[in-house]
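Subject: The structure I promised you

Hi,

Here is the structure for you to look through. Please open it first and have a look around, then read my notes below.

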Amino acid sequence: MRYFLIINSRSNPRRLAGIDDAINKVSQYNSDLRARIELRYTEYAGHACDIASEIAEQYGENAAVVVCGGDGSIHEVANVLTFTKTPLICIPFGTGNDFAKSVLPPKKYWNTEDLLKMLDKVTYRKIDMVKLDSFNVMGGHNRNWSAFSNNVASIGLDTKVQAMAKAIVLAKNTKFNRSTAYARSALKCIFGKRSSNFKYTLELEDGSIYESSTDSHTLMSICNASYYGNGFIPAPFAKLDDGLADVCVIDNVGILRALFLVTLYKFGKHAGHKCVHTFKVTSGTVTSTDPSTQLMGNYDGEDFFGNRIRFEVNPGALTLGFFPGSVANNG
């Protein structure tokens with residue numbers, strides 16, 4: 001197996017230097033492995049997609065694309081590799097690294113050198129991808145705001161929180177801001193306008209249809225994996241390969257209940273509480289009840305908009321690599 005490392009050239013300089021050190025140590029550890037590793041640095045927006053597409057077309061199942069980046073980079077490459085024979089492997093280099101929390105060994109073992117040395121020990125498994133299609137008020141398809149989600153898509157308050165957190169890090173990219181931006185943004189947004197007006201229809205695990213009885217909600221998360229927002233856990237029991245998405249909807253709530261729920265939501269303890277609704281679904285639609293207002297959403301850290309959003313689970317659409325000791329709840 002050949003390994004093509006796609007490295008985000010905008011990553012932290014210390015992490016980029018660490019790649020060089022790790023590669024040198026891999027050379028000493030296993031010269032044959034090193035000979036099968038090729039480094040590709042991104043040079044422009046969308047370059048990771050172009051690289052992944054080229055590799056998939058040329059090598060198919062005989063090569064793996066190793067994304068050295070964060071959730072955004074993984075999302076881009078996963079969309080390219082969906083329905084191809086080329087597997088995706090993740091090495092965390094980003095700010096939140098939320099998807100990595102679901103598929104890698106525990107965080108204390110996130111050492112680039114060790115992960116590179118284990119590339120030949122990676123096992124591969126088909127995982128689901130959730131396709132989200134955005135439509136405007138006239139019913140037209142918003143192609144640029146439609147994509148596959150490998151991790152978590154959200155609509156409502158958490159999307160506003162994500163946008164504010166990204167702005168905080170962009171303004172001052174420090175370790176403190178990276179680790180606290182989401183929690184600080186969540187608290188700030190809670191004291192603002194918390195509700196979004198939409199209705200939703202879900203096709204449940206047993207084939208039955210569920211329709212929302214109200215149209216004012218705090219948030220909705222559509223989860224293929226468990227983590228987002230730098231460690232918040234909207235779906236603690238989500239599995240990547242069960243053919244289902246875990247959906248969590250929180251009703252429009254007052255400030256005191258919102259403050260209470262945000263702590264539970266952070267640690268995945270919110271299910272079963274009043275105003276929290278959880279479902280296992282195969283597909284669904286979310287529609288703004290105000291024709292003049294587009295819903296603001298987020299998939300895997302990337303923003304999107306639409307008057308109506310349709311989503312559907314595509315079972316086994318992506319081949320994903322798992323290192324030895326990877327998180328067991330997705331096994």
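Below are my notes on helix packing, then on the cavity and the pockets.

This is a predicted model, in which local features need pLDDT of at least 70 and side-chain atom pairs count only at pLDDT 80 or more, while totals for chains, interfaces and linings use all residues. Residues are numbered from 1 along each chain as its sequence is written, and side-chain values use heavy atoms, leaving out hydrogens and water.

Helix packing

Two packed helices are described by the angle between their axes and the distance between the axes. Helices (H or I, at least four residues) and strands (E, at least two) are DSSP runs, numbered from the N terminus.

By class, the contact of α8 with α9 has seven nonpolar, no polar and no charged residues. Here Ala, Val, Leu, Ile, Met, Phe, Trp, Tyr, Cys and Pro count as nonpolar, Asp, Glu, Lys and Arg as charged, and the others, Gly among them, as polar.

The cavity

A cavity is a set of points on a 1 Å grid over the protein atoms alone where a 1.4 Å probe fits but cannot get out; a pocket is an open set with protein on both sides within 12 Å along at least five of seven lines, and lining residues have an atom within 4 Å of a point. A search of the whole structure finds one cavity of 30 Å³ or more. The largest cavity has a volume of about 160 Å³, a volume being the space filled by probe spheres set on the points, which are joined across faces, edges and corners. Its lining has 15 residues, and L157, I190, L219, V262 and Y265 lie nearest its centre. Helix α9 gives the most to this lining, with four residues.

The largest pocket holds about 1300 Å³ of space. Of its 47 lining residues, N8, G72, G94, T95 and K166 are the closest to its centre. The second largest pocket has a volume of about 550 Å³, and α1 gives the most to its lining, with four residues.

Happy exploring!
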